Structure formats: C-alpha cells, structure tokens
2 protein chains.
Amino acid sequence: MQSLIEELFLQAFANPALNAREDQARIALSELCSAGDRLAVSTDSYVIDPIFFPGGDIGKLAVCGTANDVAVSGAQPRYLSCGLILEEGLPFAMLVRVVQSMAATAQQAGMQIVTGDTKVVPRGAADKIFINTTGFGAIPARVDWGVHQIRQGDSIIVSGTLGDHGATILNLREGLGLESELASDCALLAPLIAPLLHIAGVRALRDATRGGVTAVLHEFAAASGCGMEIVEAALPLKPAVRGICELLGLDALNFANEGKLVLVVAPAAEAEVLAALRQHPLGRDAAVIGHTLERQQVSVVGLFGVSRRLDLPLDEPLPRIC
Amino acid sequence: MQSLIEELFLQAFANPALNAREDQARIALSELCSAGDRLAVSTDSYVIDPIFFPGGDIGKLAVCGTANDVAVSGAQPRYLSCGLILEEGLPFAMLVRVVQSMAATAQQAGMQIVTGDTKVVPRGAADKIFINTTGFGAIPARVDWGVHQIRQGDSIIVSGTLGDHGATILNLREGLGLESELASDCALLAPLIAPLLHIAGVRALRDATRGGVTAVLHEFAAASGCGMEIVEAALPLKPAVRGICELLGLDALNFANEGKLVLVVAPAAEAEVLAALRQHPLGRDAAVIGHTLERQQVSVVGLFGVSRRLDLPLDEPLPRIC
C-alpha cells in the first residue's frame, strides 16, 4: 500500500525536486531571489467534509487555499509541500481522484509539489483524508501589501459574490436540495491578483475563507486600528446564497469563500483596481462594499440606512468547512 | 476557543514573522541566501499514539523530526510552519503542554515557527491531535550530500543505538513493563551533523525514522544502484531493545528511530567521521555497521557469518509510530 501510494504521488506530481527522492526538496534559491526579496510561506490543513462537493474537492481546495494565502502577499506561489493523513480503508479510487485533482490544480497554478509525507492511521482515528499543504513563493521587492498600510478613508472592495463556498457545504450537510444552484467558488486567485501588482495605492489583500468577510474585516481593524464600515446593499450575493441566508437566518458575511479577495485600497486607486478585477472572469462581480474609518470598529449599514456593529460569530458557524 | 488557541500560539512561538499576523510569513531571502544556495524543504505529519512518551511527546517530535529531515541535507534548519488538527474535547492543558514542548524544542534548535493553522474537528473525526510541520533552511553551496554520491566500497555508519524510539512505543502499547529501561531517542540532529560539513568524503545522510535502518538502506540501494551489506554483530543496541526483539521475534533494524543518522562515507573519511560523531553526546555510540557493494541488494551478515537478504517488512510494523 505504502509503495502504491508513493508511486501514485511520484507519477501525479512528478518534478525534479520530488523525483530526487531525498528526505527534503532542494530548490535553487537563485530562482526565488530573481522573483523577489522575501519568501512568503503559508500553511493550512484541510479537513473538509464532504471531500467532494460541487465546484471542487479537498485536493483542489488544498492547492488553491494555500496558493491563495501566498498570493495575497503579492508573491507568485511556486512550490508546495503536501502532507496526507489517510484513514485505513479509504477507497484507493477516492485517493487517486483527490491526488489527480491536486496535480491538475497545481499544474494550472504553475506550482510544483516538491515534497510530501503520508501517514495511514487505523480506522476511526481520522475521517477519510486530511491534507496539509505549505506553499512558497517570493514577494517582488517593490510590493509591500499588508495591514500596516491601511489608512482611514480607504475603500474596501470584494472581488465577487460572497458566501458561495459556505452555502454550498451547508446545503450539502443540511440536505437543503439546492445542489443545482450552488457551487463552491474554489479557485486560484494569483491570476486575478497579478495585475494589481502594478497599481499604486493597493494597501492590503486577504482571501476571505473560514470566518468569511466578517473575520477579515475584524483582522484588518485589529491590526490597523482603523474602523471598517460596509454597506449591506452593496454586497454581491447570488440569489441562492441570499435565499439560504433568509431561510436559516444566517449572514453570508460569515460564510466561507474559497476564491474571493477582500481588498483595502487608497480612494485614488479604487477605479483602477475595480477595472483590473472586472477584466478577469473571477472578478466580474467585484464591488466596493465600504470604507475605513478613524475609530476602530466593524460595522454594517443596513438596508434602511442604520449602522450596526458586525460582531464575530460566537461559534464556529460550520465545522470542517475547509 | 479559537482566540484562546491563537493567543497560546502567538505567546509560545512569538517571532517577527508570526507577530505580523498576515496570512503568510514573510522572510528575508537575503538571510537564506547568505547561508546557502539551495532551499531545503521537508514536511511531515505526526500522528503518534500515545502523544506523551518517555523521552518526548508529539510536539517535540514534530519539531525534531522535520528539523532532522532538513538537517540531513547539510542545511541549518531555520524556519518551521505548524498545522494542527485538534479533536473537539481535547483537554486544553494537554494542548498547552504540546505547544510549550514545540516552542522549547524550536528555541533549542534555533528555529522560528513562522506561520501556522489550527483546525478543530468534531469528536471522533480525529484522535486527539495531529501535527504537520514543514521546515526549511539553506544548504551551503559547497555541500552536495545525497544518494547520487554513493559509491561501491563506501562505509555505512550509524550514529548510535538503534530502535530506541520504536521499542519505547511498542513497550507502551503492549504493556511490556519496561518503562524504566526505555526512552525515545527523539533529538535534534543538526548539532551532530554540523562538524560533518567540513569533512570531505561524506556521501549521504538520512535519519532512520519510520521503517528504521532497513528502510534507509533500501532507499540508498534503490537510488544509488549499489548493494548495502551490514554486519549484525556491529549494530549498537541497548540491552532492553535487544530483549524486546528477542522476546517478540522482531528486528531492531525495522524499528523507528527519532535521533539517529545513517551515513554513507568514503572509506578515507570513515575515521574522521566516526571521531566527529563520537565527540557529541548524541553520537557517542556511533559505529561502522557495514559497507556498500557493487550489486544492488540489501543484506545482513548474521552472528554466524552467513549473509542473508534484509527485506522490507511486508506490513507497517507499528501504526502511528511517529
């Protein structure tokens, strides 16, 4: 089994660093240094349930999610490690499908999976498959995006409809029967981000995954000391997502996304950033949803013009969402 | 809970990259480039059961294991990522103990845990705690250790007694009652490896973890095309480990180690390498255990002078050993 798995990975992920079969991948630092001056590194474990869902699967998610966390720094994600924890008895065909999805997504992203590890645990000690990926890339020397750049009066932009991933998983788990109308937005964001590297006034980017836009706004507020005020009427939402939220009394701002950016940009850069985002299919529905304030708080202006605090949800809204 | 965990990590692992609280760590490439010309990257998931054991715990293991996989390339391990999967209901005190052990081990290693992720899964979807670490460091330009360097007639050396980790876990699982005589050899190997960087004729290093020395010899043989012949009488074994093997009919060569090197060195370098290893407490019991042959095979010369094939075990000898 172990050797079968190794052959599977070596075939699916083949690249010089992996093929060398050493205990560690060896990557020429000159390649990274020619692309930038800082190494961007991000890690995530993926435990999503179910592992296959409309719009993706745990393998695609494990590549996109980590690649996106690297890409929002301005780096081009280049390399990935992959650690798998498999439950004994996982059907081999299921593993093959996940691995092939990882390989295809990595290839699409121009990333190499350079090193990996597999652990098989007895039945019941894990649920089917967990994947950790750690991603690397170099941040171009001229780019310095981050929460330290955020200023009062900046514009807050999202790159598209909100909550698609969270609503899709919720629908599957709760059997709401909206499969035909919902799909995860799981996607590689680096191509959407690339044109922004050349626009002055981009302050900070995050992808709004677990915890949704609410979590990102709270992170931005806490780290920058600025307030974040968004406008409910400005939020791009798909009708099916809006429907689920109304039905269950939930807020799409708290739903996970797997292919959506939250951006803070200088007012002067707003039009150029919006235009750049909308030129890409993933950014077609990009919209300004609010702006930053002086006093640190996170608030939303409702449909009747009244501003209310946007608190972090007390509970994890949905376990194993990613 | 999520914020409690975040505070725990930020306090225990504090360093500039982590403190920035971005979605990715940002590390000056100049620091890495001044140490070498290739980035060494290794990843491992740790699923050991039990999570606390004589000589270590899953946290110490997760730092040492990955640091060692980086160090055997000749690189000084410098940075780690950390991905945790926690079972809902894991006692918080247990998590604190593991995290503090990780922090203490990383500090001892001179490593920074620069980025991380935590997922909590419902009770029964994982067993207590799984940890993934991905480590990296730069390989000095003059160092080129690896299986491609192995030649016929080289010496095979181990850095100390074999099977201590595997025997310790086996003893706990099977209730053999040898707790006072056995402890895992879980340790950071970079200090033991550092003096070897200055010795000509070092061909290849591996740390003999899961699968033991047998697995490393098979990897060396398959990748180099050379045979590996070792001598049973030359193997350094602690009496308690030897006792467990005789009692249960097992081979310590297949037992996992977590602080032992297998080295292939040129015959002319043998004495110098042995002396360097023995100067360090971790290498006190270093010994030449065999040599490489022309024809690709792995064999062991028994106590009566008869050579037999050393096959890979058909089954995983012990699940969740690391």
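On the side of chain B, B:Asp23, B:Arg26 and B:Leu29 supply 15% of the area that chain B buries against chain A, more than any other three residues. The model described here is predicted. The contact draws 64 residues from chain B and 63 residues from chain A.

Polar and charged groups also meet across the interface. Between chain B and chain A there are eight salt bridges. One salt bridge links the side chains of B:Asp44 and A:Lys119, with 3.4 Å from N to O. Polar contact between chain B and chain A is found for 32 residue pairs, both residues being at pLDDT 80 or more.

Several elements of chain B contribute to the side that touches chain A. At least two residues each come from strand E1 (25–28), helix H3 (29–33), strand E2 (38–46), helix H4 (58–71), strand E5 (79–87), strand E6 (112–121), strand E7 (129–139) and strand E9 (202–207) of chain B. Among these elements, E2(B) gives the largest share, eight residues. Sorted by class, the residues on the side of chain B that touches chain A are 28 nonpolar, 18 polar and 18 charged.

The strand E2(B) also takes part in strand pairing between the chains. Strand E1 of chain A, residues 25–28, pairs with E2(B) in the antiparallel sense, and four bridges are found between the two strands. Within E2(B), B:Val41 is the residue that stands opposite A:Ala25. The two strands belong to an open sheet of five strands, in which the order is E1(A)-E2(B)-E7(B)-E5(B)-E6(B) and the pairing is mixed. At the edges of this sheet stand E1 of chain A and E6 of chain B, each of which pairs on one side only. From one strand to the next, the twist averages 15°.

Further inside the order of this sheet, E5(B) and E7(B) run antiparallel and are joined by eight bridges. B:Tyr79 has B:Phe136, in E7(B), as its bridge partner. The sheet also carries a helix: helix H5 of chain B (residues 92–109) packs on it and touches E5, E6 and E7 of chain B. The direction of helix H5 makes about 10° with that of E7(B).

A second open sheet lies in chain A. Seven strands make up this sheet, with the order E9-E11-E8-E12-E10-E13-E14 and mixed pairing. Strand E9 (202–207) and strand E14 (307–309) of chain A are at its edges with a single partner strand each, so one side of each has no neighbour in the sheet. The twist in this sheet averages 25° from one strand to the next. Strand E10 (residues 227–231) and strand E12 (residues 287–293) of chain A run antiparallel and are joined by four bridges. The bridge partner of A:Met228 in E12(A) is A:Thr292.

Particular backbone geometry is found at a few positions. In chain A, the peptide bond that joins A:Asp49 and A:Pro50 is cis, with omega about 0°. A:Pro50 is placed in the loop between strand E2 (38–46) and strand E3 (52–53) of chain A. In chain B, a cis peptide bond runs from B:Asp49 to B:Pro50, and omega is near 0°. B:Pro50 is in the loop between E2 and strand E3 (52–53) of chain B. A:Arg320, a residue other than glycine, has a positive phi near 55°. This residue, A:Arg320, lies in the segment after E14 of chain A.

A contact between parts of chain A that are separated in sequence involves A:Leu178. A:Leu178 is located in the loop between helix H6 (164–174) and helix H7 (190–193) of chain A. Leaving aside residues up to four places away in sequence, A:Leu178 touches A:Asn171 and A:Ile244. The C-alpha atoms of A:Leu178 and A:Ile244 are 9.0 Å apart in space, while the two residues are 66 residues apart in sequence.

Technical notes: Residues numbered from 1 in each chain as written. Chains lettered and ligands numbered in written order. Predicted model: local features only at pLDDT ≥ 70, side-chain atom pairs only at ≥ 80, totals over all residues. Heavy atoms only, no water. Contact = heavy atoms within 4.5 Å. Buried area = accessible area lost by both parts, 1.4 Å probe. Salt bridge = Lys/Arg side-chain N within 4 Å of Asp/Glu carboxyl O. Polar contact = N/O pair within 3.5 Å; in protein donor to acceptor, adjacent residues only side chain to side chain. Nonpolar A, V, L, I, M, F, W, Y, C, P; charged D, E, K, R; others polar. Pairing = 2+ DSSP bridges. Axes fitted to C-alpha atoms, helices over the stretch in contact; angles between N-to-C directions.
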